[in-house]
Amino acid sequence: MASPLKYDGGLTCGIQVADFEGAIKWYQEVLGFSMLYRMDDLGWCELATEVANVNVGLSRGDAGGGSGGVVLTFGVVDIDDARAQLEAKDVRFDGPTRIIEGMVKLATFFDPDGNTLMLYQDLQKNC
């Protein structure tokens, strides 16, 4: 059943950050996102992910995030490889990668403001 809101398939996930410039650099260099646009007067920018129509917006804030309830979860082909790449860039993870047998692997990590992010690998695609 289609939503009465008529979603167009796009999604922008907004994250408040304390260090606007540092966060932009981190999301580009560590996660590989590319700048779509930035509006310095509003303290806002949007970065494109490799997921079609899913963007991340960064909003300049006084204290940054770190305790919000939204967790951006990014699907990857090989979670072990992706995690190793992030760990090589000193990204902090919340414990080991969790495995739900036959379903998914999950790895929780944090951006410099303490916002929780997650990687997942769909194990059902390999069945």
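Visitor: What makes a residue count as touching T49, and which residues does T49 touch?
Guide: Contact means heavy atoms within 4.5 Å. Not counting residues up to four places away in sequence, T49 touches F33, V54, N55, V56 and F74. This is a predicted model, in which local features need pLDDT of at least 70 and side-chain atom pairs count only at pLDDT 80 or more, while totals for chains, interfaces and linings use all residues. Residues are numbered from 1 along each chain as its sequence is written, and side-chain values use heavy atoms, with hydrogens and water left out.

Visitor: Where does T49 lie?
Guide: T49 lies in the loop between β3 (44-48) and β4 (54-60). Helices (H or I, at least four residues) and strands (E, at least two) are DSSP runs, numbered from the N terminus.

Visitor: Why is T49 called buried?
Guide: Buried means under 20% relative accessible area, exposed over 50%, and partly exposed in between (1.4 Å probe, protein chains only). T49 has 13% relative accessibility, so T49 counts as buried.

Visitor: How do you know that the side chain of T49 makes polar contacts to the backbone?
Guide: A polar contact is a pair of N or O atoms within 3.5 Å; within protein, one must be able to donate a hydrogen and the other to accept it, and residues adjacent in sequence count only if both atoms are side-chain atoms. A polar atom of the T49 side chain lies 3.1 Å from the backbone nitrogen of V51, and one lies 2.7 Å from the backbone oxygen of V54.

Visitor: Why does F93 count as buried?
Guide: F93 has 11% relative accessibility, and therefore counts as buried. F93 is found in the loop between α2 (79-87) and β6 (98-100). Among the residues that F93 touches are R83, L86, A107 and F109.

Visitor: What makes β5 and β8 paired strands?
Guide: Two strands pair if DSSP finds at least two bridges between them. Four bridges join β5 to strand β8 (residues 116-122), and the two run parallel. G75 stands opposite Y120 in β8. Strand β5 (residues 72-75) has L72 and F74 on a covered face, and T73 and G75 on an uncovered one.

Visitor: What makes a nonpolar core, and which residues touch the most other members of the largest one?
Guide: A nonpolar core is a set of buried Ala, Val, Leu, Ile, Met, Phe, Trp, Tyr and Cys residues joined through side-chain atoms within 4.5 Å. The largest has 25 residues, of which I15, Y27, L58, F109 and L117 touch the most other members. Its largest share, five residues, comes from α1. L117 touches residues including I15, Y27, F74 and F109.
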